Amino acid sequence: MASIWQYANPAKFMRLSDTLLPWVSLAAALCLVGGLIWGFFFTPDDFRQGSTVKIIYLHVPAALMAINIWFMMLVASLAWFIRRQHISALAAKAAAPIGAVMTVIALLTGAIWGEPMWGTWWVWDPRLTSFLILFLFYLGYIALWEAIENPETASDLTAILCLVGSVFAVLSRYAVNFWNQGLHQGASVMRAGAIAGDTEERVSNVFAAPLFMCIAGFGLLFVALILMRTSTEIRKRRAAALMARERMS
Amino acid sequence: MRALLRRDLTLAFRSGGGFGLGLAFFLIVAILVPFAVGPENALLSKIAAGILWLGALLACLLSLDRIFALDWEDGTLDLLATAPVPLEMVCAAKALAHWLTTGLPLTLAAPVLGILLSLPPEGYVWLIASLLLGTPALSVIGTFGAALTVGIKRGGLLLSLLVLPLYVPTLIFGAEVARRGAEGLTVTTPLALMSGVSLAVIAVLPFVSALVLRVNLR
């Protein structure tokens, strides 16, 4: 019977990713280029924010991806613990730097937008603070992978760190809420009214359509990158195994 | 179990142990802050609770890599893993020993330093209470971090990087209790949340640390 787990076989995974990669990359490029050009040049300036509103097309997708990539790493770590297939651990390893970069993009674009709008590059707002903490988690995770030489040990320890870190990341998210509501606006893209087409409470359709395209583009970009990076990790393992065999003989 | 605790305590108190280090660091932080921010009492009394919490946290961080490093190097950890005592209990004992040699002395020293930082009189009870309930969490989380990095040479920086984000909830809630206490506000909510964090990590993390150690000793 066909199941998703058959692709845990590295050879099968590589074959699948080799066929998928060009298509996913193409779709990602189309969505990103299309969405960004549409967003930057063919939407009106906001009534109050002027053209600075357009940074939303980078900020929101990056922030979404930053959280979802960590979530994907959590799922992959759990899969590694349950099924002990190396590809899960390698996928989590491959995802971490992408997630860290997404977090940096979200923080930087937020700062660039915040300077003219809020009058400050940085405030200790709950959302900003929790993203900073998330960034620290990403850094710690990547550093732990790099520091441990034995791949099996590294997979186990980083998976444990990811699980424990997830609990603490959620905890921190609620802990920083303690101070105050902060400057950052609440959710305004994915409101309940958005589905019903009610634009009173959320971002107007003029901005939302290219935004969704950008979000899709970032998602596809992540899929393309993760396929590529996981294949690279598999090749690195193979090379290491070959080198070890050379040395033995 | 008791023998292990006694051994760790003796090692810490003998010269070269970690006992004096954390306490001295805490003292230095608290004494140097007024030199850095200026001697105005109004300002100091406002930030005293936060400074004391931060100092206690950093002092805890300082002695974390001693928890397992020496035992790992001379092979004691392998013996402990094969000993009739479960490894989970070993981790709990290690955390307890770390707390007795850093968290507890820091808590006891904090009121004295509170005077130096002109902490308002209402704040002392809640400062001690928050440190007493919060520092065990720091030790237990630190033991987990030390277990993760035990096999890594010169893992001190990595250990801090891993443990720092894990300390955030405890620091926020703990400092909030101390700050609210100093300002005479009600402290129930942050106190309950911080105690909840402490109890949860004490209950769960020794098992995780033992798991991590088994992976490292494999």
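Q: Where is Ser3(A) found?
A: In this predicted model, Ser3(A) sits in the segment before α1 of chain A, a helix that covers residues 10–41.

Q: Is Ser3(A) buried or exposed, and why?
A: Ser3(A) counts as exposed, because it has 7 C-beta neighbours inside 10 Å. The cut-off for exposed is 12 or fewer.

Q: How far apart are Ser3(A) and Tyr57(A) in space?
A: From C-alpha to C-alpha, Ser3(A) and Tyr57(A) are 36 Å apart. Along the sequence, 54 residues separate them.

Q: Back up a bit. How many helices and strands does chain A have?
A: Chain A has 7 helices and 0 strands. Read from the N terminus on, its elements run α-α-α-α-α-α-α.

Q: What percentage of the residues in chain A is buried?
A: Of the 249 residues in chain A, 36% are buried.

Q: And what about contacts in chain A, how many of those with a separation of 6 or more are between residues 24 or more positions apart?
A: Residues 24 or more positions apart make 75% of those contacts in chain A.

Q: Which residues of chain A does UniProt list for "transmembrane region"?
A: The UniProt entry, which is unreviewed, gives residues 20–43, 55–82, 94–114, 126–145, 157–176 and 207–228 of chain A under that name.

Q: Take residues 55–82 of chain A. What is the span made of in the model?
A: The span 55–82 of chain A is 96% helix and 0% strand. Its end C-alpha atoms lie 41 Å apart.

Q: And what about residues 207–228 of chain A?
A: Residues 207–228 of chain A are 100% helix and 0% strand, with 32 Å between the end C-alpha atoms.

Q: How do α2(A) and α7(A) pack, in terms of angle and axes?
A: Helix α2(A) packs against α7(A), residues 205–248, at an angle of about 40°, and the axes are 9 Å apart. The two helices are therefore oblique to each other. Their crossing is right-handed.

Q: Which residues in α2(A) and α7(A) meet?
A: On the α2(A) side they are Ile56(A), Tyr57(A), Val60(A), Pro61(A), Ala62(A), Leu64(A), Met65(A) and Ile69(A). They meet Phe207(A), Pro210(A), Leu211(A), Cys214(A), Ile215(A), Phe218(A) and Phe222(A) in α7(A).

Q: Next, Arg84(A). Where does Arg84(A) lie?
A: Arg84(A) lies in the loop between α2 (56–83) and α3 (86–118) of chain A. Its phi is positive, about 55°, although Arg84(A) is not a glycine.

Q: Why does Arg84(A) count as partly exposed?
A: Because Arg84(A) has 13 C-beta neighbours inside 10 Å. Exposed would need 12 or fewer, and buried 20 or more.

Q: What about Ser118(B), what is its phi?
A: Phi of Ser118(B) is near 45°, which is positive in a residue other than glycine. Ser118(B) lies in the loop between α6 and α7 of chain B. It counts as partly exposed because 16 C-beta neighbours are inside 10 Å.

Q: So how do the axes of α6(B) and α7(B) cross?
A: Helix α6 (residues 87–116) and helix α7 (residues 123–148) of chain B have axes that come within 8 Å and cross at roughly 150°. The two are therefore roughly antiparallel to each other. The crossing of α6(B) and α7(B) is right-handed. Their contact has 15 nonpolar, 9 polar and 1 charged residues.

Q: Where is Val125(B) found?
A: Val125(B) is in helix α7 of chain B. Val125(B) counts as exposed, because it has 12 C-beta neighbours inside 10 Å.

Q: Last topic, the contact between the chains. How many residues come from chain A and how many from chain B?
A: Chain A gives 21 residues and chain B gives 24 residues.

Q: Which helices of chain A each supply at least two residues of the side that touches chain B?
A: They are α4 (126–147) and α5 (151–176) of chain A. The largest share, 11 residues, comes from α5(A).

Q: And how do the residues of that side of chain A divide into nonpolar, polar and charged?
A: The side of chain A that touches chain B has 17 nonpolar, 3 polar and 1 charged.

Note on methods. Residues numbered from 1 in each chain as written. Chains lettered and ligands numbered in written order. Predicted model: local features only at pLDDT ≥ 70, side-chain atom pairs only at ≥ 80, totals over all residues. Contact = placed C-beta atoms within 7 Å. Helix = DSSP H or I, 4+ residues; strand = E, 2+ residues; numbered from the N terminus. Nonpolar A, V, L, I, M, F, W, Y, C, P; charged D, E, K, R; others polar. UniProt positions renumbered as here; feature names shortened; annotations may be inferred. Axes fitted to C-alpha atoms, helices over the stretch in contact; angles between N-to-C directions. Parallel < 35°, antiparallel > 145°, perpendicular 65-115°, else oblique. Left-handed = near helix turned anticlockwise from the far one by under 90°.
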